[in-house]
Amino acid sequence: MATIVGKPAAPTSSPHATAWGGRGGETGQRRHPSPICSAISLRHDCLMDLEGIGALAAAGVAAATVPVTIIASRWQLRAALRNAEETGRAGVAQAEATYRAALDTVRAEASAAHRQWIRGVRRDAYASFLLAVNQLDAASDRLLTATEDQADEEALKAHLAEIESASAALRAAYVVIDLEGPEAVVDSAQRAQKHVQQIAHSRKMQAPMDRTLGKLMRLTNVSTNFSSTESIEDNTTKMLASRVLRELVRLRRAIMDQGTEVDYRSWFEDEGNGVPAEVLAAARAVREAFDYIPESLLDPAERDRLAHMHLRLPPTERPEFEHAMTQLAQAHADFVRAARIELDTA
């Protein structure tokens, strides 16, 4: 049983000496501890003090460690936040780069598709325009061929309607060319349209003249050897028609002898002044020849056509017609060249 230092132990009945060094059975008298007990007690107290000091030191160390730990934790947190922020910025930058790359790809593909679409539209417009030019040229030429072949009135009307339809198609095709461009293509297309329209107009004017002249030629039957089986009326018709044809040729030669092409149509209608004597005499002879032929054979409109086509060169024989033909060929070549350049670079 442990004893308390500084306090005497309870008396015992042991006859032996107690731990205090006294005799057993003696009570009421304070006793001093023995040296051994004092040493043990002192050692115990020292151990208690060392443990307390150690505890205090540990508490101090722990107390000192807390701020350091907090600071270190904050540094670690800041470092982690910085890393996270940098990682986030890098991720955002990567995402933006990926988005921009994807957007650039889409734009490039869209731009390429748009250019291809424009190229297709222009190619179709160029082809349609060339086709319209060729159709109008061919339609007007067929009109003259039909006139020479002595086609009937209904056939001629059909050819005229075909020319009008081709002309309308050409105007519509040119509108698309004017919208699509470019300038080099538009310029050559404008020239081609202008000249082919001039050619078609000249042929339309020429057709009724050729038709009337063909009728006059059939009336004369060209030959002057009249058959005995023909009636006097037929022979008279041939002679009158031959006279008209002869005077028209004379008029044409008189005008050509002047060296310059002059339009005498207005004079033929109101007999104006300033006309050369040779031309004036030939024109009067034509009018006298017309007076002798019945209107049932040549009506007033047909007479005017015959006179006008001899007072001035027929439309398809005039210099401006030849010029239009040449310019159409040049404009056609320029258009094809410009169109190919545009389509190759599109």
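Predicted model: local features only at pLDDT ≥ 70, side-chain atom pairs only at ≥ 80, totals over all residues.
Now switch to a cartoon view. You will find 8 helices and 0 strands, so the pattern along the sequence reads α-α-α-α-α-α-α-α. If you colour by burial, buried residues make up 29% of the 346 residues in the protein. Contacts are worth a look too: among those with a separation of 6 or more, 70% are between residues 24 or more positions apart.

Next, select residues 183-220, which form helix α3. This helix has 38 residues. From its first C-alpha to its last it reaches 55 Å, close to the 56 Å expected at 1.5 Å a residue. Step past the end of α3 and you meet N221, where phi is positive, near 60 degrees.

Move on to residues 232-256, helix α4, and pick out L245 within it. Is L245 buried or exposed? L245 counts as buried because its relative accessibility is 19%, and the cut-off for buried is under 20%.

Which residues does L245 touch, leaving aside those up to four places away in sequence? Show the side chains of L213, L216, M217 and T220 to see these contacts.

L306 lies 61 residues from L245 along the chain, and 9.1 Å separates their C-alpha atoms.

How values were computed. Residues numbered from 1 in each chain as written. Heavy atoms only, no water. Helix = DSSP H or I, 4+ residues; strand = E, 2+ residues; numbered from the N terminus. Buried < 20%, exposed > 50% of the residue type's maximum accessible area, 1.4 Å probe, protein only. Contact = heavy atoms within 4.5 Å. Expected span 1.5 Å × (residues − 1).
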